[in-house]
Amino acid sequence: MKNTFLLALSLCGLTTISQAQTPAKPIPPATPQYRPAYHFSPAKMWMNDPNGMVYYNGTYHLFFQHYPDGMEWGPMHWGHATSKDLVSWQEQPIALYPDKLGWIFSGSAVIDEDNTAGFGKNAMVAIFTHHNDPEEKKKTNKHQYQSLAYSLDEGKTWKKYDGNPVLPNPGIQDFRDPKVSWNEVAKKWVMTLATKDRITFYSSANLKDWTKLSEFGEKLGAHGGVWECPDLFPLTLNGKTYWVLLVSINPGGPNGGSATQYFVGQFDGKTFTPTTTTQKWVDWGKDDYAGITWGNTGARKIFLGWMSNWEYANQVPTSPWRNAMTVPRDLALKQVGPEIYLTSTPVKEMAKLVQPSQTLSNLTVKSELSLADKIPNLAPQFQLKMSTKQLQDFALVLGNAKGEELVIGYDKQANQYYVDRSKAGQMTFSDKFAGRHPAPRLATGPAADLTLLFDATSVEVFADGGLTTMTELFFPTQSYTTLKLKSSSGLTIDALTYTKLSQEVK
């Protein structure tokens, strides 16, 4: 496998460094213009995978992979942030620090309502991977194992379980990222664990004693890199319950590097059986990885991903922080022909950011149409909604005075949406960053709708009710100020709505 940075073996949000940690590098000059306003980013230093996402007593908890002493990946901690509305986030003190058993890698959290673990009724219990760096150097393949910590004050303070680890490593090099939830069918806790090139399911009555149930995926799905950061949850379509299994993979994404695939099927409390083996991706863009859903939210499934890619995550030109999360997204299922797909749409709570909108109706695009006179100054944060009864080739171009351009469009002949950041601004930090990145259009009708969310250095594209989703970063050297539409075949846009999104930047 290819080494990428710090002579590291890049394995999802849990990159394994096989040499001694190098001293943290000096912090580059600050880039406040690149700070997102409504996406969570830490005040400073490194962040990757979302962890321990759980909802309790009106608060959404987001824990995350964090290295508080450097702006590149390092010895992992669990950072912590909270929100009442999924939009405004408050960073909290670090929740979990490395200890004698190792660094604190990815995992999940549950609310133990019935005190099955004996830590206390309604204890918040974190189930995470300990990564033992000295043990890794011995090449025993037993350096990753699962452990517990618990909080009795809603995540403010934490105590690690004295009996850690609760799930020792049987000799699998990549043995990590436990996602745990209560399964009503089995009447037990079920753990979905990433185990090298497959997912292994375990069950427990008390979160401490785990029994292996089954394995899935050795020869199914994409296998360009190790499997990581799984999640398993039910969703209902037309009155029938299906189970969705998320599996992140790095490398091997559809546009290179990191991405998250998914399978739709059935889970009987022991075994996952996919409905079809068609390759499916949660997000086709370059910059949505390691995403999982919040626990304890009932039938509503809310997804959040890490907004970066391991091909260049350590080098993106932001300071004094590095990396952010996607917007939270509501997940649902939709059938198109014989296939059942996962749809992603921005959570309804985003509406609180909306300022007065400006709608342009019946726009006819012949070759090129500038919107400079109608939308003279683009805000750093805005939403753009477009709808058409007859989708044709088009390109939406954001530009600035330096000639930098970000292009989002649709190629009818290829039946693909795309984001082209080849000329979008800074990109010399990585030869893997620039490019035109396509995504298939999965909807079949002629009518189309798109919702685009912009926040300083990112765009999230939700097409056709969220059937096709793309997330992409960009780093212009000055703000984009102009907007124009291009169409070689001619396009009529029934409505284009521009809405400034306002929230105080952290």
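The structure is a predicted model, and its chain contains 1 helix and 31 strands. Taken along the principal axes, the C-alpha atoms fill a box of roughly 70 × 55 × 45 Å. A compact globule with 506 residues would have a radius of gyration near 23 Å, and because the chain has 22 Å, its value agrees with that expectation. Of the 506 residues in the chain, 61% are buried.

Rolling a probe the size of a water molecule over the atoms shows where empty space is left. In this model the count comes to 3 cavities of 30 Å³ or more, and the largest cavity has a volume of about 110 Å³. The largest cavity is lined by 13 residues, of which W321, N323, A324, T457 and L473 are the closest to its centre. By class, this lining is made up of 8 nonpolar, 4 polar and 1 charged residues.

The second largest cavity holds about 70 Å³ of space. Its lining includes D49, P50, N51, D177, P178 and K179, together with S106, G107, C229, P230, A290 and I292. Which strands supply at least two residues each to the lining of the second largest cavity? They are β1 (45-56), β5 (103-112), β9 (175-183), β13 (226-237) and β17 (289-293). Sorted by class, the residues around the second largest cavity divide into 6 nonpolar, 3 polar and 3 charged.

Among the 31 residues that line the largest pocket, S181, W182, N183, N296 and K301 are the closest to its centre. Strands β5, β9 and β13 each give at least two residues to the lining of this pocket, and β13 gives the most, with 6 residues. The lining of the largest pocket has 15 nonpolar, 9 polar and 7 charged residues.

A pair of aromatic rings is described by the distance of the centres and the angle of the planes. A search of the whole structure finds 31 aromatic pairs. In one of them, the rings of F63 and W158 have centres 5.6 Å apart and planes at 85°, and because an angle over 60 degrees counts as edge-to-face, the pair is placed in that class. F63 lies in strand β2 (residues 59-67), whereas W158 lies in the loop between β7 (144-151) and β8 (159-160), so the pair ties together parts that are 95 residues apart in sequence. Both F63 and W158 are buried. The rings of W306 and W310 have their centres 5.0 Å apart and their planes at 55°, so this pair is tilted; W306 and W310 are both buried.

Aromatic residues also gather in a group, for F40, Y55, Y60, F64, W89 and W294 form one aromatic cluster. Finally, rings take part in contacts with charged side chains: the charged end of K280 sits over the ring of Y341, 5.4 Å from its centre, and R421 lies over the face of F433, at 3.6 Å from the ring centre.

How values were computed. Residues are numbered from 1 along each chain as its sequence is written. This is a predicted model: local features need pLDDT of at least 70, side-chain atom pairs count only at pLDDT 80 or more; totals for chains, interfaces and linings use all residues. Side-chain values use heavy atoms; hydrogens and water are left out. On a 1 Å grid over the protein atoms alone, a cavity is a set of points where a 1.4 Å probe fits but cannot get out, and a pocket is an open set with protein on both sides within 12 Å along at least five of seven lines; lining residues have an atom within 4 Å of a point. Grid points are joined across faces, edges and corners, and a volume is the space filled by probe spheres set on the points. Ala, Val, Leu, Ile, Met, Phe, Trp, Tyr, Cys and Pro count as nonpolar, Asp, Glu, Lys and Arg as charged, and the others, Gly among them, as polar. Helices (H or I, at least four residues) and strands (E, at least two) are DSSP runs, numbered from the N terminus. Rings of Phe, Tyr and Trp (its six-membered ring) pair if their centres lie within 6.5 Å; planes under 30 degrees apart count as stacked, over 60 as edge-to-face and the rest as tilted. Buried means under 20% relative accessible area, exposed over 50%, partly exposed in between (1.4 Å probe, protein chains only). A charge sits over a ring if NZ of Lys or CZ of Arg is within 6 Å of the ring centre and within 35 degrees of the ring normal. The radius of gyration is taken over C-alpha atoms; the globule rule is 2.2 Å times the number of residues to the power 0.38.
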